[in-house]
Amino acid sequence: MIANDNFIFKRLADIRQDKDLNQYQLAHLLGVNQATYSKWETGKEIIPLTMLHKFCLLMECSMDYALGFQKERHSYFCSLTVLDKIEIGKRLAEFRENNQLTQLQLAKVLNTTQSTISAYENGKTMILTAFVYQIARKYGVSVDYLCAREEVKVPV
């Protein structure tokens with residue numbers, strides 16, 4: 001599970017510090033209080049996927065980098081202002097089918113129910129950050145891809 005991977009939370013702090021922001025300043029930009037943000041950065045709570053997206057937009061990095069799946073940081077610009085749970089559901093179903101997994105098999109990997117996977121795939125519910133992380137870690141799929149975050153190339 002994500003909570004055992006403390007380096008991920010350190011990565012959030014490193015990214016914030018690279019932008020010369022303190023926790024209070026970043027929390028304000030994210031629209032949460034400092035105590036809430038602090039819990040995400042210290043690993044006491046898992047940052048919600050929508051907040052991770054917002055964090056990555058503000059910090060101009062990929063979700064893959066923020067979660068520790070990429071070692072090198074590069075500027076990453078995403079035109080998507082809000083995550084679309086319907087598009088994420090389509091990507092999840094596509095990933096699952098490409099890996100020849102049933103909803104039940106994926107549910108067992110994630111220690112959840114088939115109906116939860118169905119709700120994600122049908123866009124009824126936003127997938128949990130922990131589940132996206134587990135899928136990316138186990139199957140090597142990009143978190144940015146699963147979340148339908150397309151990178152926009154910016155001319156230098």
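Contact here means heavy atoms within 4.5 Å. The model is predicted, so to speak of local features a pLDDT of at least 70 is needed, side-chain atom pairs count only at pLDDT 80 or more, and totals for chains, interfaces and linings use all residues. Residues are numbered from 1 along each chain as its sequence is written, and side-chain values use heavy atoms, with hydrogens and water left out.

**Exercise 1. Find the place of Arg149 and list what Arg149 touches.**

Step 1. Arg149 sits in the segment after helix 10 (143–146); helices (H or I, at least four residues) are DSSP runs, numbered from the N terminus.

Step 2. With a relative accessible area of 2%, Arg149 is buried. Buried means under 20% relative accessible area, exposed over 50%, and partly exposed in between (1.4 Å probe, protein chains only).

Step 3. Leaving aside residues up to four places away in sequence, the residues that Arg149 touches include His53, Cys56, Tyr76, Cys78 and Asp144.

Step 4. The side chains of Arg149 and Asp144 make a polar contact (2.5 Å). A polar contact is a pair of N or O atoms within 3.5 Å; within protein, one must be able to donate a hydrogen and the other to accept it, and residues adjacent in sequence count only if both atoms are side-chain atoms.

**Exercise 2. Work out which face of helix 2 is buried.**

Step 1. Helix 2 spans residues 23–30, and its residues Gln23, Leu26, Ala27 and Leu30 are buried.

Step 2. Looking down the axis, these buried residues fall within an arc of 100°, so they line one face of the helix. The arc is that of the directions from the helix axis to the C-beta atoms.

Step 3. Finish with the two ends. At the start, a side-chain oxygen of Asn22 comes to within 3.0 Å of the backbone nitrogen of Tyr24, and just after the helix Gly31 has a positive phi of about 80°.

**Exercise 3. Classify the ring pair of Phe69 and Tyr133.**

Step 1. Rings of Phe, Tyr and Trp (its six-membered ring) pair if their centres lie within 6.5 Å; planes under 30 degrees apart count as stacked, over 60 as edge-to-face and the rest as tilted. By this rule there are 4 aromatic pairs.

Step 2. Phe69 and Tyr133 are 5.2 Å apart centre to centre, with 35° between the planes, and form a tilted pair.

Step 3. The pair links distant parts of the chain, 64 residues apart: Phe69 is in the loop between helix 5 (63–66) and helix 6 (85–98), and Tyr133 is in helix 9 (residues 129–139).

Step 4. Phe69 is partly exposed at 32% relative accessible area, whereas Tyr133 is buried at 2%.

Key
Helix = DSSP H or I, 4+ residues; strand = E, 2+ residues; numbered from the N terminus.
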